[in-house]
Every structure is written in structure tokens, then in C-alpha cells.
Amino acid sequence: MKAVAVQTFGGPEGLAIIDLPAPEPGAGQVLVTTEAIGVGGVDTLIRSGALAAYGFKDGHVLGGEVAGTVAAVGDGVDPSWLGRRVWAFAGVGGGYAEQAIAPGETLVPLPATTSAVDAVTLGSSGMVAHFGLRHAHFAPGESVLVRGAAGGIGIMTVQLAARAGATAIAVTTSSPERGARLRKLGATHVLDREGAGEGPAGYDIIIDIVAGADLPSFFTRLNPNGRLVAVGALAGDPPADFATKLFTAFQKSLSFATFSANTVPQSDRQVATAELFATAGRGELDAVVHEVLPLEQAALAHRKMDAGEVFGRIVLVPS
């Protein structure tokens, strides 16, 4: 089978199409013949070498989110999954391939109203947005700022916050054109990347996908009892002394937290993802696809990601 592997960590040119034997599912696993593969921010971080401390080696096949048809099941997996169209989460790799292994416990059946491309656009991004807002203890009537809103997680956070009754939803983004598109999805205020622009004086919740050196400056945007939750770190870690800003505003009772979907029980993730598909099927959520590219053009997809050109999700499809 064809797969895309990291031959050399660094730039997108280090990605290469390789031939691999078709994998066989082990106990608790399934083999999915892929129809669509999501390209995520974590894929670019792994490819760049930024996550080398986690043990990724040359030859690593990227991709965690796939949709397709179950072609084989391992021991302990209900055989009724065979032949069914599903969304699956492969983990930290293995998805950029014509066939991918995934834990059976991650499978979510695809309704007839959900295409494979839409599934990998809505799936993990929507699940992180859903549980990220829950982690922040969002309540209807509160205001939300989404930092780095043009990617998959940001777009889903905007839509879910709007559906759940946020009074104001501000977004940081890189251009007026992107801001206009985010307004159509539910944003009420558009700010630049540094947070400049007309908007509420403060926010009850900030969902931060960017992190990096500028994260501490956003603590000043929080209302009393405000909560900033980092659900990503596309710009890297914040400064080592970032919590100093919290202590200088001690009397505002501000909170900072990180959120990883790994802390959510798998059954809860499946339920939330299935509900996202059903909601989109009713026309109440948009799957925002930037572009669909053949698997062989994974390096091009990564170049577009690195250049900040992507609004929504790039999806790879096997030839």
C-alpha cells in the first residue's frame, strides 16, 4: 500500500511516498481502508521535529484521523464492524496511508448524511472544541475569545459557542477576509493576531490554540473569574514565567488550564463525535474544508499549513 512517511524531520520536503505491506490489526484493533485523511496541526509539529522528545523516528507515518471502511478486525472487536463506513482515530500516526490501523474503541459509524471528507473535518476538531469549552466551564450568556480561530479547532469552537448561547464571540485571525468568514460561522468581533480591534473589554473564557510567546498578554483580556484554556500550542510553549501575569492580577481570580482530549473517557469522545456528525447532518454545523488533495501531495498540504494559508481543514484522499 502507499503511505506518506517522514524521511527527514524538518520541512515538508522531508515527506515521501513509500510502499509498505498492508498492516494487520492486532487485538482490539481494526484495519480501515481510508477514503479521507485529516491533516492536523500536530502532524506539522511532528514532521518539523518539534516533538522529537516524544520518540518519533525517521520513517514515521503521519496522520491520526481517518474515515473509510472497516476491512478487517482483530481479536476482541465486534465482527459486525466489518464493511461499515466509520470515522476512526489512529493515534499519533499511521493515517497517511491507503489502509490504517485504529483502536476499535475509537470507531464512530458514519451516517449516510456525512461524507468521509466531512467526517475528518468535523471529528477530532469538533471533539476538542466541545470538551475544551466544557473544560473551561462555559455557560450560556458568557463571552468567548478564540485565539487562532481559522483552523479546524477554532472554527468548531466558534460554531459550538454560538450554538450554546455565547453573548459575544471574538476571534483573532490574520486577515479581514478570514474574519468575514468567521463572522458567517458565528463570530461577533474580529481582532488581529495580537488581539487588537474592537471587541468587549474583557472575556469570560479564552480558548487558545496558539500558545507561544504571546500567551501571557491575553490574561489581561479576562474578566474577573475568567478562564484561559490552552487546547493547542501551534506557536510553541509559552515563556517559563508566563504565570507571573496571573499573579499580578491576583484579585481577579483568574484561571489557566491546559486541555488534552486524552483525559476524556473514550466512550464520551465517541458519543460527542457521533452527535457532531448528527448535528452537521441536520445543517446546524458547517464542515469547513479548505482543500482536498491526493495523498501523494501531502508535502504540498504541509507547505500550505506552514505558510498559514489554510482556513479550515486540508483533507488527503488516496488515489
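**Strands, a helix and a pocket**

Glycine 68 has valine 86, in strand S6, as its bridge partner. The model is predicted, so local features need pLDDT of at least 70 and side-chain atom pairs count only at pLDDT 80 or more, while totals for chains, interfaces and linings use all residues. Residues are numbered from 1 along each chain as its sequence is written, and side-chain values use heavy atoms, with hydrogens and water left out.

Strand S5 (residues 65-73) and strand S3 (residues 29-39) run antiparallel and are joined by 7 bridges. Within this pairing, isoleucine 37 stands opposite valine 66 of S5. S5 is also joined to S6 (residues 85-89), again antiparallel, by 5 bridges. Two strands pair if DSSP finds at least two bridges between them; strands (E, at least two residues) and helices (H or I, at least four) are DSSP runs numbered from the N terminus.

Isoleucine 205 lies in strand S12 (residues 203-208). This residue is buried, with a relative accessible area of 0%; buried means under 20% relative accessible area, exposed over 50% and partly exposed in between, with a 1.4 Å probe and protein chains only. Leaving out residues up to four places away in sequence, isoleucine 205 touches Ala136, His137, Phe138, Glu142, Ser143, Val144, Leu145, Leu222 and Arg227, where contact means heavy atoms within 4.5 Å. Valine 144 is 61 residues from isoleucine 205 in sequence, but their C-alpha atoms are 4.8 Å apart.

Which residues of helix H4 (residues 176-184) are buried? They are Arg178, Gly179 and Leu182. Seen down the axis of H4, the buried residues fall within an arc of 100°, so they line one face of the helix; the arc is that of the directions from the helix axis to the C-beta atoms. Their cover includes H3, strand S10 (168-172) and strand S11 (189-191). Pro176, Glu177 and Lys184, on the other side of H4, are exposed. Just after H4, glycine 186 takes a positive phi of about 130°.

The second largest pocket has a volume of about 230 Å³. Helix H2 (116-135), helix H3 (152-163) and helix H6 (266-281) each supply at least two residues of its lining, and H6 gives the most, with 4 residues. Among the lining residues are His130, Phe138, Arg163 and Glu275. A pocket is an open set of points on a 1 Å grid over the protein atoms alone, where a 1.4 Å probe fits, with protein on both sides within 12 Å along at least five of seven lines; lining residues have an atom within 4 Å of a point. Grid points are joined across faces, edges and corners, and the volume is the space filled by probe spheres set on them.
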